[in-house]
Amino acid sequence: MVRYITPHSLNEALQILDQEEHCLPLAGGTDLTLLVRDRTVQVECLLDISKLPELVGVHQEGGEIRIGPSTTLADVASSPQLPTALRTGAGWIGSPQIRALGTIGGNICNASPCGDTLSPLLVLGGRFRLRSAGGEREVPAEAFFLGPKRTILTRGELLVGIHLPREDDRRSTFRKIGGRGAQTIAQVNLAISACWREGILRQPRLAVGSAAPTPIRIPAVERILDGQSLGDEVIAEAAERTAAEIRPICDQRASDRYRRWVVRALFRDALSSLTEQEVYG
Amino acid sequence: MSEINTRGSTSGGTDFKSVPIAFRLNGRPVSACIDGGLRALDLLREGFGLTGVKEGCGRGECGACTILLDGRPVNACLLLAAKLEGCEVLTIEGMASPDGTLHPLQAAFLKAGAVQCGFCTPGMVLAAKSLLDARPNPNEEEIARALSGNFCRCTGYTKIIKAVHLAAEEMRR
Ligand SMILES: Cc1cc2nc3c(=O)[nH]c(=O)nc-3n(C[C@H](O)[C@H](O)[C@H](O)COP(=O)(O)OP(=O)(O)OC[C@H]3O[C@@H](n4cnc5c(N)ncnc54)[C@H](O)[C@@H]3O)c2cc1C
Ligand code: FES
Ligand code: FES
């Protein structure tokens, strides 16, 4: 028997998580429902946080954008105030059915190395606010992921906010390769953001997903690109370095060699689309 | 799977079905008492006898179990039944008018020959309905994208896309 609790407020939710030993937060359930059903996860109680008003919606606050973790992937994909990389990443997840139910917070807390909102969040300077009955902390997105399906969340703690700095002159882009166009888990995904002014790339950030146990930033390539005007040589060097820096796993979806090969092509494609963008993204 | 009691009472004194829910199903108010781990797919098929909700993969991949939840297509196999609380649910059984007149999409699927074995059809029709409700005049790419979560092993999709165009035309009249 599984109990199902729909709390009325975030505080109530945190109290329940504090008191109930075997209670798991549930957002859209597109990951968790199968685990509960297959009994991969033993659970006595599910706490539905998908409709808590404190956790839903995209808000502009001063120089920041705050995304509630229970915002659906469909809503993230269609929020014009969000940067291009994040909208594109969310819009490429699964199918319309998955995006109508699945949430960005679930994608983050599920911590799959191939989560398609994760590399965008890494290059957009994302910060996560975590709260439990005992208190609150805020961490940069990079510090949140420990390994496949492992995060720094402790028992009783919820992701309560995803914060992005508003940087009007930063552009961003996302690319993904899977087995086919739609409904495909990424074999590799990649996000780039940078300021591009007068033909020079500044403060570039690159992150790759599905190429290591967690989504990763690649600082060595960011250093190669910073302050450059992106001639063929720089692009070639950066693409090679990207392939060299990733630590791909070899699984049933793709071999290590294939992932290194494909990440070069994705990188080149993403970079050229970034410099062609006209507006804030 | 646990037994479903659609009348809302708990059986034998043991409180196995701990979650009371009420929602609108194909236009009618209904209620049930369920286990928190029960899927909407099982409640609809076994509790309410709506076998037009098909189970293909059971893992969110094929779309055969698609229903409309407040107008949006979702996979009933990934949806916990408790999430139906307070919602408006449409299954293929609720598409035709009460007098039996087919919805333009159903009529168009028949006319275009978009049905072979029919296993994918309820999900296809519902996913297409949510598209046409939002975009009365979609192009081919928009149709393909809206149906990207619905697999068909028989038709090769061409006739399905044609059927959606036909229905869109009919519905704009
Ligand atoms: C067919 C299919 C295709 C898919 N395709 C893709 C794809 O292409 N790309 C991709 O990235 N993903 C894909 N997914 C995975 C999935 O849809 C996403 O990870 C989704 O974003 C999860 O969100 P949810 O709200 O459904 O999470 P849930 O299943 O509700 O939760 C996931 C986990 O996060 C925890 N959790 C949720 N919210 C919080 C919170 N606020 N605080 C703390 N913990 C929390 C839950 O306890 C659970 O452990 C696919 C899934 C399926 C079934
Ligand atoms: S049965 Fe639900 S998607 Fe296949
Ligand atoms: S008609 Fe047979 S699966 Fe589509």
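Start with ligand 1: of the 35 residues around it, A:Pro25, A:Gly28, A:Thr30, A:Asp31 and A:Thr103 come nearest, where a residue counts as near if one of its heavy atoms lies within 4 Å. The ligand itself sits between chains A and B.

A quick word on the source: this is a predicted model, with local features needing pLDDT of at least 70, side-chain atom pairs counting only at pLDDT 80 or more, and totals for chains, interfaces and linings using all residues. Residues are numbered from 1 along each chain, chains are lettered from A and ligands numbered from 1 as written, and side-chain values use heavy atoms, without hydrogens and water.

| Residue | Protein atom | Distance to an oxygen atom of ligand 1 |
|---|---|---|
| A:Asp31 | side-chain N or O | 2.6 Å |
| A:Asn107 | polar side-chain atom | 2.9 Å |
| A:Gly94 | backbone N or O | 3.2 Å |

The protein covers 92% of the 1000 Å² of accessible area that ligand 1 has on its own (Shrake-Rupley method, 1.4 Å probe). Helix 6 of chain A gives the most to the shell, with four residues; helices here are DSSP runs (H or I) of at least four residues, and strands (E) of at least two.

Now for chain B. It has five helices and five strands, in the order β-β-α-β-β-β-α-α-α-α. Its C-alpha trace spans about 55 × 30 × 25 Å along the principal axes. Buried residues (under 20% relative accessible area, 1.4 Å probe, protein chains only) make up 50% of its 173 residues.

Terms used:
A polar contact is a pair of N or O atoms within 3.5 Å; within protein, one must be able to donate a hydrogen and the other to accept it, and residues adjacent in sequence count only if both atoms are side-chain atoms.
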